Amino acid sequence: MPLVVKTDGDIEQVLVTALHKNFVSKVFRHCWGKNNTPYFAGNCFKGVVYFDERMAAAFARESGQEWNGWLALPKHIHLIAAVFESGLELTASCQGRVTTLGTSGLATRVTSPTLASVAGKVGEGQVAALLGSVDKGAMVFTLPDFDGEFEPDKLSAEITRFDDFFFEDALLTGLFYDGREMSMEMGESRGMSMIDPVLLDANGQRLDMYDFTAG
């Protein structure tokens, strides 16, 4: 009988990629021209990158690039995972028995991708970028050939953090039972919002609109 552990809450898709500086500058200049505050200009930039493929493609062509949507960008790092937070509940099902767990007593190990690990993939004239989306839904972890009684203290988690990329959420990227890795797949999801883009220079400094519109 399989052991199945399900989470229900926020699910984030995180993509670390690279954007051409000329493209970013053209989008920001367009947005700054339409909005008189950095906040609304930033929202405009977000809207163009995620939703206005026609406008983004036009700016990309002017920069000598192609644009087929943000999900078609090079995936230097790409994860889809549940957000690991204090309110996250895990429901374990096995042999007809259901156990509900919190995260407070769960043993964890943390993985933290660094900017240095993708720096070689960010070309001349580009900046590193973290993009992504947030859904409500479930992640399902399965151990197919499970025998015996489920013991909660044998469950452990792998957490991925993106501190180098100025992204605060921790993601549940793996579950293990008694040291054995469980398979992971996305269940049903509903709704979507978008993560504010994070742009970084080669030294790991966060960039904003003014870095692309000055002069």
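By class, eight nonpolar, two polar and four charged residues line the largest pocket. Here Ala, Val, Leu, Ile, Met, Phe, Trp, Tyr, Cys and Pro count as nonpolar, Asp, Glu, Lys and Arg as charged, and the others, Gly among them, as polar. The model is predicted: local features need pLDDT of at least 70 and side-chain atom pairs count only at pLDDT 80 or more, while totals for chains, interfaces and linings use all residues. Residues are numbered from 1 along each chain as its sequence is written, and side-chain values use heavy atoms, with hydrogens and water left out.

The largest pocket holds about 320 Å³ of space. A pocket is an open set of points on a 1 Å grid over the protein atoms alone, where a 1.4 Å probe fits, with protein on both sides within 12 Å along at least five of seven lines; lining residues have an atom within 4 Å of a point. Its lining has 14 residues, and Phe28, Gly42, Pro197, Arg206 and Asp208 lie nearest the centre. Two or more lining residues come from each of α2, β12 (206-207) and α5 (209-213); α2 gives the most, with five. Helices (H or I, at least four residues) and strands (E, at least two) are DSSP runs, numbered from the N terminus.

Helix α2 also packs against α1, and α1 in turn meets α3.

| Pair | Angle | Axis distance |
|---|---|---|
| α1 (residues 21-34) and α2 (residues 38-50) | about 130 degrees | 8 Å |
| α1 and α3 (residues 53-62) | roughly 130 degrees | within 9 Å |

Axes are lines fitted to C-alpha atoms, for helices over the stretch in contact, and angles run from 0 to 180 degrees between N-to-C directions. The angle makes α1 oblique to α2, and α1 and α3 are therefore oblique to each other. Angles under 35 degrees count as roughly parallel, over 145 as roughly antiparallel, 65 to 115 as roughly perpendicular and the rest as oblique.

In the contact (heavy atoms within 4.5 Å) of α1 with α2, Val24, Val27, Phe28, His30, Cys31 and Trp32 meet Pro38, Ala41, Cys44, Phe45 and Val48. These residues comprise ten nonpolar, one polar and no charged. Towards α3, α1 uses Phe23, Lys26, Val27 and His30, which face Met55, Ala56, Phe59, Ala60 and Glu62.

Technical notes:
Grid points are joined across faces, edges and corners, and a volume is the space filled by probe spheres set on the points.
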